[in-house]
Amino acid sequence: MSDDARSANHDGEALESLSADERRFPPPPALAEHANVTEATFTAAAADDLAFWAEQAGRLSWATPPTETLDWSGAPFATWFADGTLNAAYNCLDRHVEAGHGDRVAFHFEGEPGDTRTITYAELTASVCQAANALTELGVKAGDRVAIYLPMVPEAAVAMLACARLGAPHTVVFGGFSSDALATRILDCGVEHVITADGGWRKGKSSALKPAVDEALERCPDVKNVLVVRRTGQETAMVEGRDVWWHDLVESQPTEHAYETFPAEHPLYIMYTSGSTGKPKGILHTTGGYLVGVAYTHWATFDLKADTDVFWTAADIGWVTGHSYLVYGPLANGATSVMYEGTPDSPHQGRWWEIIDKYGVTILYCAPTAIRTFMKWGADIPARYDLSTLRILGSVGEPINPEAYVWYRKHIGHDRTPVVDTWWQTETGMHMISPMPGVADGKPGAAMRAVPGVSVAVVNDEGVPVSDDAAGYLVVDKPWPAMLRGIWGDEQRYVDTYWSRFPGVYFAGDGAKLDADGDIWLLGRVDDVMNVSGHRMSTAEIESALVSHPKVAEAAVVGATDDTTGQAIVAFVILRSEAGDGGPDVVAELRTHVAKEIGPIARPRQIMVVQELPKTRSGKIMRRLLRDVAENRELGDVTTLTDSTVMDLIKGNLSTTSSED
C-alpha cells in the first residue's frame with residue numbers, strides 16, 4: 001500500500017481495521033542511513049551493558065575519569081562511576097564555550113505575551129556564573145537544598161544550573177502547586193533558600209507566585225533567603241532581611257565563577273512525585289549517572305544532530321521531563337532548545353505551530369493529552385502552518401493511544417516523521433523504553449523495546465517472564481545509570497515501594513503486554529489494569545477504542561467495584577463539537593462501539609458524557625477521582641487539579657448521562 005493510500009485509509013476507517021503491516025511505519029530511508037542508533041548498537045549493549053555505559057560516560061567531561069562503572073554490592077542502592085568527579089554545570093555550559101560553540105543558541109525563549117530572548121551558550125554560562133556568585137553571597141554552599149518555584153522562564157534553568165555548579169541539590173516545585181504543597185516539600189528536604197518570581201503569565205493574565213511562597217514560609221522558619229525574579233511587574237510584598245530581587249543581586253555579579261568538582265554520586269536534585277496518597281516521595285538523583293543517562297538517551301531517542309536540530313520539549317521545568325529533556329540532557333549535548341512560557345491556546349489555538357515555524361523546530365516532544373486536545377480542535381488548525389522542519393515527533397507522560405499517534409504523525413508530521421513513544425518515570429530519570437527512530441518500524445500505541453543498555457521484562461504474579469502475546473507487570477531487571485538513588489530521608493520506603501513486590505528487580509508499578517513480535521505495550525498503572533470477570537483489561541485499550549469513534553474527543557476509563565464481575569468498566573467521555581450534547585442514544589452507540597472494537601467483555605457498564613476531565617496541572621487525568629465518582633465515594637484530595645470545580649460538574653451530571661444494561 002502506498003503512503004498516500006495508507007493515509008487515506010487512516011482517515012476513512014478505524015485504525016483497528018488495518019492489517020498488521022498497514023499499522024507499521026518504517027523509518028524514512030535517509031534517517032535510517034544516518035541514524036545515531038542502529039541494530040548494531042543494541043547488539044553491543046546487550047553483549048556487555050557495563051562496557052556500553054562506560055563508553056557512554058565518555059560523552060561527559062570528567063575532572064577525574066571513573067575507573068569503575070557500577071557497584072551493585074549494596075543493592076538496591078547503586079553507585080555508578082563512583083570514583084569519578086565532575087561538575088554538571090560545566091558539562092552543560094563551559095565546555096561547549098571552550099570548544100568554540102559559545103555563539104550557538106542554547107534557548108529560544110518565547111514568553112506568553114510575545115516577548116522573546118535568544119540565549120547563546122556563552123550568555124547562559126555568564127548568567128549561571130552570576131547566579132552562582134549571588135547564591136554564594138546568600139550563604140548557599142555544597143549540600144544545601146534550594147527550592148525553585150518559578151514559571152517557565154530562562155531564570156528557572158539558570159537557577160538549576162547555578163545550584164548544580166555549587167553542588168547544592170535543587171528541588172523544583174511546579175509553579176502551579178499550592179503553598180501547602182510547596183511548604184511540604186521545603187520541610188521534607190530541609191530547604192533554607194528559595195528562588196521564586198513575582199508571578200507568571202497564563203492565558204493572557206498574570207498570576208502571582210510570591211504570595212504562595214510567603215504563605216508557605218509561615219510554616220518553614222528555617223528558610224533564610226528568598227530570591228525573587230521580576231517577571232510580571234505586579235506589586236509584590238518583600239520581607240526585609242529575607243527577600244531580595246534577582247535583578248538587584250544577580251545581575252550585578254561577576255560573569256565568571258570558579259566551579260568545584262564533585263563525586264559522581266553527589267546529589268544533583270530531589271523531585272517530589274505528585275498526585276500520590278500520603279506523604280510525597282522525594283526522588284533523589286545524583287550527578288554522574290544521571291547526566292550520562294539523559295545525555296545518551298536525548299542523543300539516541302531523538303537521533304539528535306546538535307549542530308542542526310532545534311529541539312522542543314513542551315513540558316514544564318517543574319516535572320522530570322523538563323529536568324531531563326529541557327535542561328540537563330539537551331545542554332549536556334550542546335543542543336538548541338525552545339522554551340515556551342504559555343499554553344497551547346493563548347493567544348490562539350495555533351500557537352504551538354506558529355512557534356515551530358518561527359524557530360524551525362525539528363524535534364517536538366509533548367504529551368498525548370496535548371495531542372488529543374489538538375485533535376478535538378481540528379486538523380484545520382495545524383494545516384494553516386508549514387511544519388516542514390519537523391523530522392522527529394516524541395510522546396511522553398502516558399501511553400499514546402493509536403488514534404492519537406496516527407493523527408499526530410499525519411497532521412503534525414505530514415506522514416513522514418517517526419513517532420517515538422517514550423516510557424520512563426521520575427524515578428528512572430531517563431528514557432527506558434522507546435522505538436529508536438532509525439531502527440524501529442513504529443507501531444501506533446506500542447512503546448516497542450528497551451533502549452540500548454537497559455533491560456526490562458514483563459512478568460507474571462510470580463515474577464516469571466511471560467511469553468509473547470501475554471500481559472503482566474513491567475520490571476527493570478538490571479540497574480541503569482540514571483536510576484533514583486533512594487527516597488529522600490526514607491531508605492526503607494524506597495526498598496518497600498520499588499524492590500519488594502518482585503525481589504531483586506525494580507517494579508515500575510505499570511502493567512504491560514508483549515505482542516506476537518515481543519514488542520512492549522504499556523497498559524498504564526497497575527491500578528488502571530482492571531480485572532473484569534477474570535479478564536485482565538487495560539483502561540488505555542478501552543480509552544483508545546472510545547477515542548477511535550468519530551464522536552469522541554477524549555476519554556478516561558476506570559474500574560469500579562462490581563458485585564458480579566469484581567470490577568466493572570466506567571467511562572467518562574468528552575464529545576467532539578459536531579456530536580452535540582450526547583444523550584442515551586449516543587451512550588448506547590459508544591457502548592456498542594467498544595464491544596465491537598474489543599469484545600463484549602469490554603462493554604462499559606456506564607458512560608458519562610462530560611465537558612471536561614479532572615487533570616493535574618501537568619495534564620495528567622486524575623483517575624482516582626473518577627473512581628471516587630464511579631463508586632459514589634466522597635471525593636479525595638482535589639488540590640492538584642487545574643480546576644477543582646470540574647468534579648462538581650461531573651458528579652452533578654452522573655445520573656443523566658450514564659447507561660447500564
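## Close-up views of a predicted model

Among chain contacts (heavy atoms within 4.5 Å) between residues at least 6 apart in sequence, 70% join residues at least 24 apart. The model is predicted: local features need pLDDT of at least 70, side-chain atom pairs count only at pLDDT 80 or more, and totals for chains, interfaces and linings use all residues. Residues are numbered from 1 along each chain as its sequence is written, and side-chain values use heavy atoms, with hydrogens and water left out.

**View 1. The chain as a whole.** The secondary structure comprises 21 helices and 29 strands. Both are DSSP runs numbered from the N terminus: helices are H or I with at least four residues, strands are E with at least two. Of the 661 residues, 60% are buried. Buried means under 20% relative accessible area, exposed over 50%, and partly exposed in between, with a 1.4 Å probe and protein chains only.

**View 2. The buried face of helix 10.** Helix 10 spans residues 210-217, and its buried residues are Lys210, Ala212, Val213, Ala216 and Leu217. Seen down the helix axis, they fall within an arc of 155 degrees, so they line one face of helix 10. The arc is taken from the directions from the helix axis to the C-beta atoms. Cover for these residues includes helix 9 (179-188) and strands 6 (146-149), 8 (193-197), 10 (205-208), 11 (225-229) and 12 (243-245).

**View 3. The crossing of helices 15 and 16.** The axes of helix 15 (residues 368-377) and helix 16 (residues 402-412) come within 10 Å and cross at roughly 70 degrees. That makes helix 15 roughly perpendicular to helix 16. Angles of 65 to 115 degrees count as roughly perpendicular, under 35 as roughly parallel, over 145 as roughly antiparallel and the rest as oblique. Axes are lines fitted to C-alpha atoms, for helices over the stretch in contact; angles run from 0 to 180 degrees between N-to-C directions. Helix 15 contributes Ile371, Arg372, Phe374 and Met375 to the contact, and helix 16 contributes Glu403, Ala404, Trp407 and Tyr408. These residues divide into six nonpolar, no polar and two charged. Nonpolar covers Ala, Val, Leu, Ile, Met, Phe, Trp, Tyr, Cys and Pro; charged covers Asp, Glu, Lys and Arg; the others, Gly among them, are polar.

View 4. The open sheet runs in the order 5-4-17-16-18-19-20, with mixed pairing. Two strands pair if DSSP finds at least two bridges between them. Strand 5 (116-120) and strand 20 (419-421) are the edges, each pairing on one side only. Neighbouring strands of this sheet are turned by 20 degrees against each other on average, direction ignored. Strand 4 (residues 105-110) pairs with strand 5 in the antiparallel sense over five bridges. Val105 stands opposite Thr120 of strand 5.

View 5. Strand 22 (residues 471-476) and strand 23 (residues 506-514) run antiparallel, joined by five bridges. Gly472 has Ala512 of strand 23 as its bridge partner.

**View 6. Asp469 in its loop.** Asp469 lies in the loop between strand 21 and strand 22. Asp469 counts as exposed, at 61% relative accessibility. Lys513 is 44 residues from Asp469 in sequence and 6.9 Å away in space, C-alpha to C-alpha. Leaving aside neighbours within four places in sequence, Asp469 is in contact with Leu514, Asp515 and Ala516.
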